Amino acid sequence: MKLTRLRLVGFKSFVDASELVIQPGLTGVVGPNGCGKSNLVEALRWAMGESSHKALRAAEMNDVIFAGSGGRPSRNTAEVVIALDNSNRLAPAPFTEQEELEISRRIERDKGSTYRVNGREVRARDVQLLFADASTGARSPALVRQGQIGEIINARPEARRRVLEEAAGIAGLHARRHESELK
Ligand code: ATP
Ligand code: MG
């Protein structure tokens, strides 16, 4: 699966609907300080199911919603949509046969988040597993935070093994086994 588009409405500094077409070969985003580069990466991680507001530099999850600035009033909702090209049919069931997947997360102030895949409401867990199966996700090494390379080099062997499991695409299997052991 390939990330092809990212759409943001009301997420952090992206108050107006903004759509980015992700073309093959994109390796970086440049721009002046404070223009929203980190917010873009956080939007991706948020839509992939990040549940920790701290990991998104927010004091609470409501703070990912545009808070108002420069005379623009704050909003009460934020939405991020990730489009994935599934022409290689690697998406898990029941989405395997869909040519494209649109994964959306929407938050309403004080009411929490809802997730959808191609319009169908799903659990946060479903979205997290979908990305884990695709060797990516909000916490995966596919998205490299500042300082993360050093952390991996200095990590304990078990933590480093998790990085390798992500890369091998088996992190989703481990998460499912853990879930079934809890039941
Ligand atoms: P740098 O180059 O310094 O890393 P950056 O391009 O990564 O900068 P970001 O950290 O993505 O910039 O964006 C920071 C901007 O986003 C700040 O101006 C901040 O006020 C704004 N911002 C963050 N959260 C919100 C919010 N909820 N509502 C409105 N603006 C927000
Ligand atoms: Mg930044």
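## Basis of the model

This is a predicted model, in which local features need pLDDT of at least 70 and side-chain atom pairs count only at pLDDT 80 or more, whereas totals for chains, interfaces and linings use all residues. Residues are numbered from 1 along each chain as its sequence is written, while chains are lettered from A and ligands numbered from 1 in the order in which they are written.

## Overall architecture

The protein chain holds 5 helices and 6 strands, where helices (H or I, at least four residues) and strands (E, at least two) are DSSP runs numbered from the N terminus. Along the sequence these elements follow the pattern β-β-α-β-β-β-β-α-α-α-α.

Along the principal axes, the C-alpha atoms fill a box of roughly 50 × 40 × 40 Å. Of the 183 residues, 27% are buried, a residue being buried if 20 or more other C-beta atoms lie within 10 Å of its own, exposed if 12 or fewer, and partly exposed in between, with C-beta atoms placed from the backbone. Among contacts between residues at least 6 apart in sequence, 53% join residues at least 24 apart, a contact requiring that the C-beta atoms, placed from the backbone, lie within 7 Å.

The 6 strands form an open sheet with the order β2-β1-β3-β4-β5-β6 and antiparallel pairing, two strands being paired if DSSP finds at least two bridges between them. Its edge strands are β2 (18-21) and β6 (120-122), each of which pairs on one side only. Neighbouring strands are turned by 20° against each other on average, direction ignored; axes here are lines fitted to C-alpha atoms, for helices over the stretch in contact, and angles run from 0 to 180 degrees between N-to-C directions. Helix α1 (residues 37-47) packs on this sheet and touches β1, β3 and β4, its direction making about 80° with that of β3.

Strand β1 (residues 2-9) pairs with β3 (residues 77-85) over 7 bridges in the antiparallel sense, and L3 has L84 of β3 as its bridge partner. Strand β3 is in turn joined to β4 (residues 100-108) by 9 bridges, again antiparallel, with V81 bridged to S104 of β4. Between β4 and β5 (residues 112-117) there are 6 bridges in the antiparallel sense, and the bridge partner of I107 in β5 is S113.

## Helix α2

In helix α2 (residues 124-133), 7 of the 10 residues are buried, so this helix is largely enclosed by the rest of the structure. The buried residues are V127, Q128, L129, L130, F131, A132 and D133, and their cover includes β4, β5, β6 and α5 (171-182).

## Loops and backbone geometry

Most residues other than glycine have a negative phi, and most peptide bonds are trans. K12 has a positive phi, near 50°, and counts as buried because 23 C-beta neighbours lie inside 10 Å. N118, in the loop between β5 and β6, also has a positive phi, near 45°; with 14 other C-beta atoms within 10 Å, N118 is partly exposed. A cis peptide bond with omega of about 5° joins A93 and P94, and P94 lies in the loop between β3 and β4.

R75 belongs to the loop between α1 and β3 and is partly exposed, with 15 other C-beta atoms within 10 Å. Leaving aside residues up to four places away in sequence, R75 touches G10, V15, I65 and F66. The C-alpha atoms of R75 and L56 are 18 Å apart in space, for a separation of 19 residues in sequence.

## Surroundings of ligand 1

Ligand 1 is surrounded by 15 residues, of which the closest are N33, K37, S38, N39 and A67; a residue is near a molecule or strand if its C-beta atom, placed from the backbone, lies within 6 Å of it. This shell divides into 4 nonpolar, 8 polar and 3 charged residues, with Ala, Val, Leu, Ile, Met, Phe, Trp, Tyr, Cys and Pro taken as nonpolar, Asp, Glu, Lys and Arg as charged, and the others, Gly among them, as polar.

Key
Two residues are in contact if their C-beta atoms, placed from the backbone, lie within 7 Å.
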